[in-house]
Amino acid sequence: MKTLVIVSHPEILDSASQQFFLHSVKGFDDVTVHHLESAYPDGQINVAEEQALLNSHDRILFQFPFYWYSSPYMLKKWQDEVLLEGFAYGEGRRALYGKEFGLIIMIGINEREYQAGGSERFSINELTKPFQAMAHKTGMTYLRPLAVFQFGYMDDEEKTETLIKYWQLLTMKNDHSLETREEWLINRLQKAMTGNSDAELTQRIRFAIQVIEENRQTIDGLKMVLEDIRRP
Amino acid sequence: MEKEKEEWILSELERTLEKTADETLRVLIKAAQGIIKEQSRRMEQMEAEIDGTLWSPRRWGE
């Protein structure tokens, strides 16, 4: 699976959260990061190139700071100019049909405010309806969004947990079962260890993988026993 | 998984974490600790359910 992360941020170098997430995926060979404001400093979008990028990826993600309950200007302009009738929707070919689509949104306000009774009143799911409608119209599967609230206030543990969710949204198949997360983690550990010459570290990681795999076998065995005894 | 084995692998990973500077690997090691704990919880819950089901009064007549 190849993932395209379309990032829109007018001042990306000043954004600690954007730098943190984007820096973390520099070695990911199955991920393409495409920052619109850097690619088009004059604002003139190359539509054919953008459509070719979309064609060559299976999962499309929009990553942006939440500005007035939507994306920065450049991403809206990109949608208007790239997702044209005859390419993304309408009669005939729908180039995005069957792909997956998701949002990664950086939000400066506390999560509790995005609900009835909170200062922002509406939930992120309600406020992102236009993106959900876009995915629906173009035939893409809408993924669970990753909303990052108040990154600046997160401690190291929260940042790590969020980073794992970010990597999963970028590279894990759309299924959050324990088994899928195990498979994903083993795969990522093996990739991270490729070329590592530290024998002791390699052995420890190998052993951790072995434990995860053995636990999976035990869980599957217990599942069979449970199915058997639940049978009337 | 026996409790001792779980604790041992978690502490092994913790020691690995202390020695690893590679940020990507550090995050993945923390994820591995989380997954092993979650697997362990899942196994305990399933074993408890098996015990409970086998001891259920509904089964006493069998």
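Trainee: How many helices and strands does chain A have?
Mentor: Helices (H or I, at least four residues) and strands (E, at least two) are DSSP runs, numbered from the N terminus. Chain A has 9 helices and 6 strands. This is a predicted model, in which local features need pLDDT of at least 70, side-chain atom pairs count only at pLDDT 80 or more, and totals for chains, interfaces and linings use all residues. Residues are numbered from 1 along each chain as its sequence is written, and chains are lettered from A and ligands numbered from 1 in the order in which they are written.

Trainee: Into which domains is chain A divided?
Mentor: Domain bounds come from an automatic or database domain assignment. Here, domain 1 covers 3-174 and domain 2 covers 175-232. Their centres, taken over C-alpha atoms, are 30 Å apart.

Trainee: What percentage of the residues in chain A is buried?
Mentor: A residue is buried if 20 or more other C-beta atoms, placed from the backbone, lie within 10 Å of its own. In chain A, 25% of the 232 residues are buried.

Trainee: How many residues of chain B are in contact with chain A?
Mentor: Contact means that the C-beta atoms of two residues, placed from the backbone, lie within 7 Å. On that basis, 25 residues of chain B are in contact with 24 residues of chain A.

Trainee: Which element gives the largest share of the side of chain B that touches chain A?
Mentor: The largest share, 19 residues, comes from α2(B).

Definitions and conventions. A residue is buried if 20 or more other C-beta atoms lie within 10 Å of its own, exposed if 12 or fewer, and partly exposed in between; C-beta atoms are placed from the backbone.
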